[in-house]
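Here are my notes on the chain contact and on one pair of helices. Please read them with the structure open.

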Amino acid sequence: MIELLTSKPSMVTAGAGIEPACSGDLKTGKEKDDKFYRRQPRDHFKADTSRLLDFVKPRHIRRLDHFSQLALLGACLTAEHFPDCFTGPRCGLIIAGAYGPAATTFAFLDSLIDHGDQLASPTIFANSVNNAAAAHIARHLNITGPTLSLNQGHNSLNAAFACAAAWLVQRRVDLVLCGLVEEINQALLYGFDHCPHAAGRLGEGAVFFPIWRPDRLIRKSPASLEPDAYRRLMISEEPRVLSERPRLVTCNHDFGVELCPQASPGLPFVNLADSLGQMPILNAFYLATAINWTYDYPGITETGLAYLQLESSPESEKELTGLHYSITTP
Amino acid sequence: MPGKILIRGCGAICAAGPDLKQIITTLFAEPRTPAPSPRLRLELKADHPVFAVNHHILDSGDSDSGLPLTHILARIAAVEALSDAGYDQPGQLKGKKVGVCFGTTVGATLNNEKFYRQLKAGTQPALTPLKTHLKINPADWLAREFSLTGPRLTVTNACTSSADAIAIAADWIKSGLCDLALAGGSDELSRITSTGFASLLITDPNPCRPFDRQRAGLNLGEGAAFVVLEKGEPGNRGSRAVLAGTASCADAWHLTAPHPEGRGLKRALDLVLEGYELSDLAFVHCHGTGTSNNDLTEGLVLREKLPGLPFFSTKRHTGHTLGAAGALAAVITISLLNNHRIPASAGFSQSDPAIAVAPTTRAQSIDAPLALSQSLGFGGNNTVLLFQKSEVGR
């Protein structure tokens, strides 16, 4: 079991954002329309990064690709919420996702195909390297601890948390800025349109979790947040049969993560796929939403999220098997 | 929990040889000359010679399977590492939680040029390359190949990827996330990285000359290297070395250039060497790519932090293998430490007054128990691994 402390995550979203998907559900306890497996018009959700201008000078944004802008905005929103925390040598940075800046790689290929190998763009190439976004964030926030970029498909969220936990347990850092970032790219759009199992629309976005060691609460530190600002996050290290029904259940498939209403009958739920679009890191948005519920609805002191593995078949399996995230108020 | 992180086994493949033993032999011989690769079909004005793996040594069955070369190379190095650790029989790892930490750049990139050219041309390409990419995440794939059930991670930290993979795997074991780990990295030559590095004007049209006054850039290479890490007591039969320390620090400075004073590298060295004396160290295996910026930064930091300590680069033998470079440097460092002998820094002949220190110019014996392996990466990553001879307790 991985145990971490977290607080309010920051999200860069597409479409109408998280709120429409969440509003009313908890209060009414009613399920929304079952649209989950119905095909939608293919106007996919691109995330808006214009707020980045609130944090970064235009001349510094000029050479950033869209992936790095998504990531940098998510990081800046978290840094704004926790001033003077996510900086310096005792802060680690993790950027995780399934595809990385693939659209930028394709833009680099455009420069080769359109103009020849000799005129390949060095600026685009530099941004197409997988850890470019982490480099931009480290530079902007002056994070000089360890930085890690990882690609672990649908399991990126858990892989990122496992590394954050290991860094914290080994005292390499005091806190970790942990970001999940995904962007729409041409190959995904094509694949999505030609995949018979793909439902809804593609989406993109970034979600950043502030992470501390579990013993943070008992340490006296001038930079400590108030105890009630923290949430304790417990994560199962590997899929297991879940003995208790969590409040949110999602399952993944080739093109994203979907809510699985059948697995939690009678419980309130949200369908972020309809609001944000499908993406491999949608489970990170579900987790962020579940964490936010514990702030937005004071009556909730504990909630959970299950992430079902691809091999699971929630329609046919009676047992609920997957990774389990438990969020509690310390 | 008691015990140290032991390196139980090592494996590698690159242009310098099909296994670690041959690679070490090559380091003490006249370096090979890199050559343009017909496989890359580059249309550039200048030559961009590379260090390609001899494809005759690859299993022809694999090369026909559609499996990327990055994965094939990884399997070769991983088999050697597991065998070296004594895990060469089926079922030996059953019941153990074995993590896989895989560093790469090309191996995790959705960059199939043929697919994209067809897509861009408006034709309807088959989805196979996309599906293949989804199914063969490097760490997941390697774990499946050896039926390993532990945490899996594909690290994409550019040139420090596989050094970081080793450091993370060690932290997993120390934190109780797994019993042992297979960690390292692999990368193949590709048109994208070749044209990309050429566009950055940091490739040498001649054989690279790390730390030399006339150095003009790097030569790309390809290869893979893996280690098997396990907790235990130093001196245990079969352990190759102790992973005595790891540190990774960001420059937070520039996307493509290291901090001019080596801010992150200095801090990483301070962290990893805390509690040790300079006299404990035998040598530094440098990143030493042959680019102006990298070698200047590394040289200046070594002059200040580790004066008089022998250092060298092996890129003139292996090429810069990107995501595999850190692990390749690690297994070479371990072997040299155990062989008590280090090579001349191939490609070097003239000192650079700006650096004011010179790498090894001849093979020499070493005696001290510790050695450093340095990796600097795109984006300002600096990762240092400290290895200790396994028979020497701290």
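How much area do chain A and chain B bury between them, and what share of it is on carbon and sulfur atoms?

1. The model is predicted. In it, chain A and chain B bury about 5000 Å² between them. Carbon and sulfur atoms account for 59% of that area.

2. Now the residues behind that figure. A:D117, A:F125 and A:Y190 supply 13% of the area that chain A buries against chain B. That is more than any other three residues. In the contact as a whole, chain A takes part with 57 residues, and chain B with 62 residues.

3. Charged pairs also cross the interface. There are 4 salt bridges between chain A and chain B. One salt bridge joins A:R172 to B:D171. The closest N and O atoms of A:R172 and B:D171 are 2.5 Å apart.

4. Next, a helix pair inside chain B. Helix α9 of chain B covers residues 263-272, and helix α10 of chain B covers residues 292-305. Their axes come within 10 Å and cross at roughly 40 degrees. Angles under 35 degrees count as roughly parallel, and 65 to 115 as roughly perpendicular, so α9(B) and α10(B) are oblique to each other. The crossing of α9(B) and α10(B) is right-handed.

5. Which residues meet where α9(B) and α10(B) touch? From α9(B) come B:L265, B:K266, B:L269 and B:D270. They meet B:E298, B:V301, B:E304 and B:K305 of α10(B). By class, the residues of this contact are 3 nonpolar and 5 charged, with no polar ones.

Definitions and conventions: Residues numbered from 1 in each chain as written. Chains lettered and ligands numbered in written order. Predicted model: local features only at pLDDT ≥ 70, side-chain atom pairs only at ≥ 80, totals over all residues. Heavy atoms only, no water. Axes fitted to C-alpha atoms, helices over the stretch in contact; angles between N-to-C directions. Helix = DSSP H or I, 4+ residues; strand = E, 2+ residues; numbered from the N terminus. Parallel < 35°, antiparallel > 145°, perpendicular 65-115°, else oblique. Left-handed = near helix turned anticlockwise from the far one by under 90°. Contact = heavy atoms within 4.5 Å. Nonpolar A, V, L, I, M, F, W, Y, C, P; charged D, E, K, R; others polar. Buried area = accessible area lost by both parts, 1.4 Å probe. Salt bridge = Lys/Arg side-chain N within 4 Å of Asp/Glu carboxyl O.
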